[in-house]
Amino acid sequence: MSLTQPAPPVRPRRRPAKALAELIELFGDERSIGSSNPDAVVSGITLNSATVEPGDVFVALTGRLRHGATFAADAQAAGAVAILTDGAGVELAAATGLPVVVHDELRADLGAIAAWLFDTAASPIRFFGVTGTDGKTSMAHILEAILSQMGVPTGLSSTAERHVDGQRLTSGLTTPETVDLHSLIARWTEGGVEAAVIEVSAQAIERHRVDGVLFDVAGFTNLTHDHLDDYGDMATYFEAKRPFLTSAHARAGVVSLDTAWGRTIAETADIPVQTLSGEGDTSSDWVVEVTAETIDGVAFTLTRAADGWSLASSVSVLGRHMATNAALAIAMLSVGGYADERIEDAVRGGIRVYVPGRAELISGDRGPMFWVDYGHSENSMVKNLDAVRAVMRPGGRLICIFGAAGNRDALKRPFMAASNVDHSDLVIITDHHPNMEDPAAIRKTLREAAQQRADETKPGFPVLEIAAPEEAMRHAIAIATEDDTILYFGPGHEHFRNIKGERVPYGGVDEVRAALREAGWPPR
C-alpha cells in the first residue's frame, strides 16, 4: 500500500452473516426490490465501490457531483449482494439486477443499520470521544497513552492514525464513515479492546458518522476560528459541535472552559458535565496548573475541586496547552469510571506519548532547534509558537515557516499570517496543501497580511516568501544561528501534499532531517 493513501476500512476477522431479507424487512420501504435467493446473506457494508468485497451491501448516497448509484455496476462486479440507496438512486441501482433496499433517510439511519449488521450495541468497550477545533488529535493520543500505561487494551481512531491489533494504520477522514466506524468497533471488540478513543469532527457529528455509538464520555477541547468555509460563522460552527455533548451521543462529558464556547456547551448539555480550566478559572470542577516547561514536555498539577484530590504529572509533548489536553484526558478517564489510584499510579512518572506531526523536535544536540507541527489555525499556531519560545536558547530568534491549505476556510488566512508575525522574529511563507487553488494566490494573501501587520507593529520585520517547502526549510537553516529556533507548520505526519487533485509524495519530517544533514547538523 502506498504511504500516500489511507488504509482501507478495517473489517472484523469474523464477518457478520445477517439475512438480506432481514435487512429489507427492518430498513427497506415498499420500493425495495427483494432477492430471488431467500438465503442471501450480508457479510459487510461499504460506501465506496472500490472497497466492495463479496457479500457486501453497497451503500449508494446522493453526492455533490453525482449519485453513488452511478457506481452500482462496479459494486456488482466486485461481488456486492445488494444495493442500499435512497429514492433518487433506485433506477440506477435496479439496472444491475441486484436486490435494492430503499431508505430515504439513509445518511441519518446508517448508524442504526451498521449497528444491526455488526452488533456493535452489544460491545463491552468503553468509548471516549474528543471534539473541538484544536487539540483533538493530541487529546486522543494522550488518552490512549494513559490507558495503555494503565494496562488497558485500547483502540484508537484519530486524524493521523487508526490503532488496531498493535498496528498503526494511516487514516483518511478524521472520523471514519459510519459503516467503517462500526466495522472498526467490531474488529476492536473481537480483539479484546476494553477502551477505545475516537476523534470526532464537526463534520462527523453533522453527517451522522458517529451515530449508533453511545460514548461513555465526550470531551470538548475548544472552539476557535476554523471551518467557516463550511459553517459561515462561529455560532453555526458551534451548533454543529454542540449535539455531541447531548444524550444522543454520550452519557457524560468533560469540557474545557479555556474558550468561551466551552461554558456555553457545558450549560446547554443535557448530560452530566464536568468542567476544566487551564487558565485559572477556579469555578471549574478541575483546575490544571503548569509547573515546568522543557523541550521534553510540560509538567503540571491537576486538582479536582469537589474533594481536593490532586496529582502531579507531565506529558512528553511541548506546550502549556498540552498540559490542559493531558488534564482533560485524566478527567475524562475519572468520569469514565477508572479509579483515581489507578490513574495516578499510571501517570505519576509522566505520560509518554507520541503524537504524529505535533510539536516534533527533529534537530539534534548541535545546530538550530527545528520543530515541526501540523498547526493550521491561528489558535494552534500561536500556542505552538509560544510553547517553542518558552524553551528557546537565550538570545536566539524564532523563525516561523508556514502556509495555508487550499479549498479550506480562506477567511482565517490573514489572521494566521498576522499572528505569526506577532509571535515570531521572522516568517517564511511557503506552500502547504494547495489542493485545487492557485498556490501563488494563497501565498499572496498570506504575504500581504503578514507585511501589513509587520508595517503596523514591527517595522523592518522580515517577511519572506519561498514557494517550495523544502527550499524554505533549507533557507531557514542557512540563515539560522545555533541559538535560533525554527518552527515549520506543515504536513509533518502525512506522506503527501494535495496538489491539483493529486496526492504528491512528500514527507515534511524527512525533508527537515535531510536539510539538517546537508547543513552539517545531524538530526535526532
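Biologist: What makes the crossing in which α9 passes α10 right-handed or left-handed?

Modeller: A crossing is left-handed if the near helix is turned anticlockwise from the far one by less than a right angle, and right-handed if clockwise; α9 passes α10 in a right-handed crossing. This is a predicted model, in which local features need pLDDT of at least 70 and side-chain atom pairs count only at pLDDT 80 or more, while totals for chains, interfaces and linings use all residues. Residues are numbered from 1 along each chain as its sequence is written, and side-chain values use heavy atoms, with hydrogens and water left out.

Biologist: Why are α9 and α10 called oblique to each other?

Modeller: Helix α9 (residues 234–241) and helix α10 (residues 260–268) have axes 11 Å apart and pack at an angle of about 45 degrees, where axes are lines fitted to C-alpha atoms, for helices over the stretch in contact, and angles run from 0 to 180 degrees between N-to-C directions. Angles under 35 degrees count as roughly parallel, over 145 as roughly antiparallel, 65 to 115 as roughly perpendicular and the rest as oblique; α9 and α10 are therefore oblique to each other.

Biologist: Which residues make the contact between α9 and α10?

Modeller: With contact meaning heavy atoms within 4.5 Å, M234, A235, F238 and K241 of α9 meet W261, T264, I265 and T268 of α10. These residues divide into 5 nonpolar, 2 polar and 1 charged, where Ala, Val, Leu, Ile, Met, Phe, Trp, Tyr, Cys and Pro count as nonpolar, Asp, Glu, Lys and Arg as charged, and the others, Gly among them, as polar.

Biologist: What makes β10 and β17 edge strands?

Modeller: Two strands pair if DSSP finds at least two bridges between them, and β10 (167–170) and β17 (310–315) each pair on one side only. They belong to an open sheet of 11 strands with the order β10-β9-β8-β11-β7-β12-β13-β14-β15-β16-β17 and mixed pairing. Within this sheet, strand β15 (residues 286–294) and strand β16 (residues 297–304) run antiparallel and are joined by 8 bridges, with V290 standing opposite F300 in β16.

Biologist: Why is one side of β3 and of β6 left without a neighbour in the sheet?

Modeller: The open sheet of 4 strands has the order β3-β4-β5-β6, with parallel pairing; β3 (44–46) and β6 (100–102) stand at its edges with a single partner strand each, so one side of each lacks a neighbour in the sheet. The twist averages 25 degrees from one strand to the next. Helix α1 packs on this sheet, touching β4, β5 and β6, and its direction makes about 20 degrees with that of β6.

Biologist: How do you know that F27 and W116 form an edge-to-face pair?

Modeller: Rings of Phe, Tyr and Trp (its six-membered ring) pair if their centres lie within 6.5 Å, and planes under 30 degrees apart count as stacked, over 60 as edge-to-face and the rest as tilted. F27 and W116 lie 6.0 Å centre to centre with 65 degrees between the planes, and the pair is edge-to-face. The pair links F27 in helix α1 (residues 20–27) to W116 in helix α4 (residues 106–118), 89 residues apart.

Note on methods
Helix = DSSP H or I, 4+ residues; strand = E, 2+ residues; numbered from the N terminus.
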